[in-house]
Amino acid sequence: MSLRVLVGCKRVIDYAVRVRVKPDSTGVVTQGVKHSMNPFDEIAVEQALQLKEQKLASEVIAFSCGPAQCVETLRTALAMGADRAVHVTVEGAEYENMQPLAVAKIMKKLVEKEDANLVIVGKQAIDDDCNQTGQMLAGLLGWSQGTFASKVDVDGEQLKVVREVDGGLETVQVSLPSVVTADLRLNTPRYATLPNIMKAKKKPMDKLSAGDLGVDVSSKVSMVGVSEPPVRQAGSKVESVSDLVQKLKAKGAIA
Amino acid sequence: GGVCATQGGIHINLTKMDRILEVNAADFDACVEPGVRRKQLNEHLRATGLHFPIDPGADASLCGMASTNASGTNAVRYGTMRENVLNLEVVLADGEVVHTAGKRRRARKSSAGYNLTNIFVGSEGTLGIITSTSLRLYGIPEKVTSAVVSFPSIKAAVDTCVQIIQAGIPIARLEYLDENGIKSVNSYSGLSYAVAPTVFLEFEGSESSVQEQSDIAGELAQQNGGGDYQWASNAEERAKLWSARHNAFYAGLALRPGSKALITDVCVPVSELTDVLVETQEDIKTASFPNVVIGHVGDGNFHVAFMIDQDSKAEADEAKAFALRMARRALACGGTCTGEHGIGMGKIDLLREEFSEETLRAMWSVKNAFDPNNLMNPGKVLPEL
């Protein structure tokens with residue numbers, strides 16, 4: 001089966017940025033802050049590209065939903081080597097409250113529209129750490145899923161996926177079509193080089209709205225507040241073991 | 001010893017000034033504050049297809065690299081900081097703030113005024129404090145391939161390197177590691193390189209260009225009796241091939257656990273390199289402690305690391321004697337006693353042999369112009385007249 005791969009690319013605050021909470025506690029500061037593609041999604045794009053280079057995939061379509069700036073994220077995917085990009089526009093408050101279920105619903109429509117038979121997304125986004133979209137999408141589509149993938153091999157109509165789980169590594173065999181979520185050790189994403197960045201400017205980028213796809217992105221979840229973790233209290237040094245025991249007793253940590 | 005406060009004083013720590021001020025991807029330039037390190041900038045740039053390639057082997061502060069005119073294993077392709085700093089913001093001894101090429105100016109070429117920028121590059125803090133630097137960026141190479149070849153003799157290895165340079169190949173990295181170096185890495189990292197003078201090569205460019213360069217280099221190696229040309233193009237395999245060179249310093253130290261390395265550094269015209277290196281390797285055979293030779297041979301630059309017992313004055317003296325002979329060998333053929341490690345305190349006296357008194361006086365007049373009270377890192381860079 002020649003694979004037509006849809007890859008999710010979320011635009012998130014760059015991992016190197018020191019994130020600050022807004023003074024009104026409604027969220028974190030995103031204005032003027034560097035954003036880039038979610039690192040796990042970079043790994044997903046790389047995996048799709050490798051499948052194409054191995055002649056197992058015929059087309060790689062990058063997808064992102066959000067405001068206009070998502071176009072930059074998609075250009076990066078195109079510069080890495082994706083064939084086409086789809087930008088589903090979601091703006092303002094709707095975007096800020098958007099939940100993985102809505103993203104999964106959008107992706108389901110795209111899968112049907114693009115006749116994709118493999119979806120690769122990062123295992124989670126580094127801003128919300130939800131780790132839900134891939135699994136929800138598989139559920140909505142009725143597809144198999146290979147999550148936390150650290151290795152993916154195509155075997156005819158099946159995928160052999162090595163998953164990173166708490167106890168170590170688990171190998172599963174899933175039938176195509178499938179949703180794979182990429183973990184850290186799956187691959188090392190390539191850099192976009194200058195000539196490819198130039199070429200990417202000419203690659204097709206489709207723009208749609210969630211409405212065009214018939215998806216309602218309104219959220220049943222509302223953000224009540226965001227605050228920084230409490231400031232770490234200073235510890236104290238003790239001079240002796242009996243001091244330590246006394247202090248622990250005073251804190252009620254031991255009887 | 002460049003950062004030692006030999007006359008006491010105030011040590012100013014700029015690590016917290018760490019903003020990336022500007023990135024102009026379309027013009028291939030960026031401006032950073034002193035706390036910004038090399039890897040931090042390159043991570044920031046990764047989606048632009050650009051990088052700052054100078055790599056002194058540490059995740060160094062870029063302004064610090066400007067201050068010491070840092071070099072790296074790819075200087076043979078990209079030059080040193082001197083060739084890559086477009087502009088500096090400097091605070092002078094009297095507190096005035098100066099932009100060496102004009103505020104926010106970043107033209108690639110200019111005939112305006114004096115080249116103040118390059119007076120400050122490499123001045124090791126003796127003329128002013130660098131508070132931001134504008135850097136020239138380069139495209140991330142499309143393709144990178146690496147190769148390793150061992151040779152039957154030092155001469156064969158170094159001759160090959162010299163010929164590669166003379167053939168005009170725009171090689172990205174060209175490194176030499178001697179037999180001792182290879183032995184130490186084999187034992188330290190459990191590798192099994194052939195124990196012989198070895199050359200590590202790296203090529204950058206388009207798919208076809210890299211193949212061409214590599215073919216020519218491979219031919220030259222063969223003509224000089226080189227062994228198997230091991231070649232790799234994917235990132236993991238390249239890292240493996242180069243691991244010997246990367247681990248060389250620690251592997252060298254492991255030759256004598258508990259020892260400290262006294263490292264020398266000279267740079268000579270490439271056509272003199274074979275003779276100077278062969279002579280040096282002959283000389284150090286008589287050393288009473290382990291030693292390793294590592295060379296950035298593409299630039300005519302090499303280091304000998306002596307693993308000495310730092311509590312032994314006899315060993316320190318012996319190592320310094322070797323270093324002195326090595327420096328004099330380099331000076332005798334039109335080279336320099338310090339290719340990239342700087343003068344600091346250890347080599348100040350050698351400058352009297354490298355430069356004439358007239359030249360030193362001219363350098364002192366620059367120092368006196370910028371720092372008449374000798375407040376800025378006194379006792380460094382220039383010897384007393």
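Is B:Lys155 buried, partly exposed or exposed, and what is its relative accessible area? B:Lys155 is partly exposed, with a relative accessible area of 47%, where buried means under 20%, exposed over 50% and partly exposed in between, using a 1.4 Å probe and protein chains only.

## Basis of the model

This is a predicted model, in which local features need pLDDT of at least 70 and side-chain atom pairs count only at pLDDT 80 or more, while totals for chains, interfaces and linings use all residues. Residues are numbered from 1 along each chain as its sequence is written, chains are lettered from A and ligands numbered from 1 in the order in which they are written, and side-chain values use heavy atoms, with hydrogens and water left out.

## Salt bridges within chain B

Side chains of opposite charge can pair when their charged atoms come close. B:Lys155 forms a salt bridge with B:Asp159, at 2.6 Å from N to O; the term stands for a side-chain nitrogen of Lys or Arg within 4 Å of a carboxyl oxygen of Asp or Glu. Both residues belong to helix H5 (residues 154–166) of chain B and are four residues apart, about one turn of the helix. Helices (H or I, at least four residues) and strands (E, at least two) are DSSP runs, numbered from the N terminus. B:Asp159 is buried, its relative accessible area being 17%.

A salt bridge of 3.2 Å, N to O, also connects B:Arg329 with B:Glu279. This pair links distant parts of the chain, 50 residues apart, with B:Arg329 in helix H10 (residues 313–332) and B:Glu279 in helix H9 (residues 270–284) of chain B. B:Arg329 counts as buried at 14% relative accessibility, whereas B:Glu279 is partly exposed at 45%.

## A pair between the chains

Over all chains, the structure holds 39 salt bridges. In one of them, B:Arg46 pairs with A:Glu42, and the closest N and O atoms are 3.9 Å apart. B:Arg46 lies in the loop between helix H1 (38–45) and strand S3 (50–51) of chain B, and A:Glu42 lies in helix H1 (residues 39–53) of chain A, so the pair joins two chains. Both B:Arg46 and A:Glu42 are buried.

## Chain A as a whole

Chain A has seven helices and eleven strands, and its C-alpha trace spans about 70 × 40 × 40 Å along its principal axes. Of its 255 residues, 42% count as buried. Among contacts (heavy atoms within 4.5 Å) in chain A with a separation of 6 or more, 71% are between residues 24 or more positions apart.
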